[in-house]
Amino acid sequence: MQRIVVLTGAGISQESGLQTFRGPDGLWNHERIEDICTPQGFARDPLRVDRFYNGLRAQLPTVHPNTAHAALAALEEAGRAGDWPGHLTIITQNIDDLHERAGSRNVIHMHGELLRLRCTHCHATPAWHTDCYPDTPCPDCGAAALRPDIVWFGEMPYHMEAIARQLEACDLFVAIGTSGVVYPAAGFVDSVADHADTMLFNLEAPAGRSAFDQTILGPATRTVPAWTSDVMKA
């Protein structure tokens, strides 16, 4: 059985119309990282942070999974149905729900989820689709202690033990639409170098020497469906 681990970054969601954090017109060009993406920024001005993430949350229903999301979901389903002798796990740096809406089930959100909140009082993580403000009560304990369930700078990414197990067991590691510069995700390709083949799908070639065995350039909406089709035919 082939075991594929796919790491997805902002590039795959950008092709659905979601604004990225980095890049020429990224969200961080309009807001200071220190103000909206750190625990310290939230402590200083929780209303500002809540409003920022409320805006992102409200944007989600206006965008839809693209052909790259659909192709990954189809490959996963083919493995589940026995039409392809393999297993696919997605590790995503993205906080949107586009993989799930495309039909993927094996998704690990290492940076949290926009459609969840976290209560700093009782540690509940309720699903959430509307606005949240500093005085919004937690549906579990009633405390006004909710924050976005997002991994901010200075915080440990989620599910690192589960991610390590997936990386150790894979024989193909694929990165799609990610800058490859933010750790710990940037180190994933090196961690599998001794036991797995590696592929990078991106719009631009990495600067300097690439750690990947193969780089495929172009929009994910074109390159990823072509690749998953080849995998299922092999």
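Modeller: The UniProt annotation "binding site", from an unreviewed entry, covers Q93, N94, I95, D96, G177, T178, S179, N202, L203, E204 and A220. UniProt positions follow the numbering used here, feature names are shortened, and annotations may be inferred rather than shown by experiment. Residues are numbered from 1 along each chain as its sequence is written. This is a predicted model: local features need pLDDT of at least 70, side-chain atom pairs count only at pLDDT 80 or more, totals for chains, interfaces and linings use all residues, and side-chain values use heavy atoms, with hydrogens and water left out.

Take G177 from that list. G177 sits in the loop between β6 and α8 (188-191). Helices (H or I, at least four residues) and strands (E, at least two) are DSSP runs, numbered from the N terminus. G177 counts as buried because its relative accessibility is 13%. Buried means under 20% relative accessible area, exposed over 50%, partly exposed in between (1.4 Å probe, protein chains only). Leaving out residues up to four places away in sequence, G177 touches G9, A10, G11, I12, F201 and N202. Contact here means heavy atoms within 4.5 Å. N202 is itself in the annotation.

A220 is another annotated residue. A220 belongs to helix α9. With a relative accessible area of 6%, A220 is buried too. Neighbours within four places in sequence aside, A220 is in contact with E15, A68, I176 and P225.

Now look at H109, which touches the annotated N94 and D96. H109 lies in strand β3 (residues 107-109). H109 is buried, at 5% relative accessible area. A polar atom of the H109 side chain lies 3.1 Å from the backbone oxygen of N94. The H109 side chain also makes a polar contact with the side chain of E100, at 2.6 Å. A polar contact is a pair of N or O atoms within 3.5 Å; within protein, one must be able to donate a hydrogen and the other to accept it, and residues adjacent in sequence count only if both atoms are side-chain atoms.

Of its 21 residues, I4, V6, L72, V174, I176, V224 and W227 touch the most other members. α5 gives the most to this core, with five residues. A nonpolar core is a set of buried Ala, Val, Leu, Ile, Met, Phe, Trp, Tyr and Cys residues joined through side-chain atoms within 4.5 Å.
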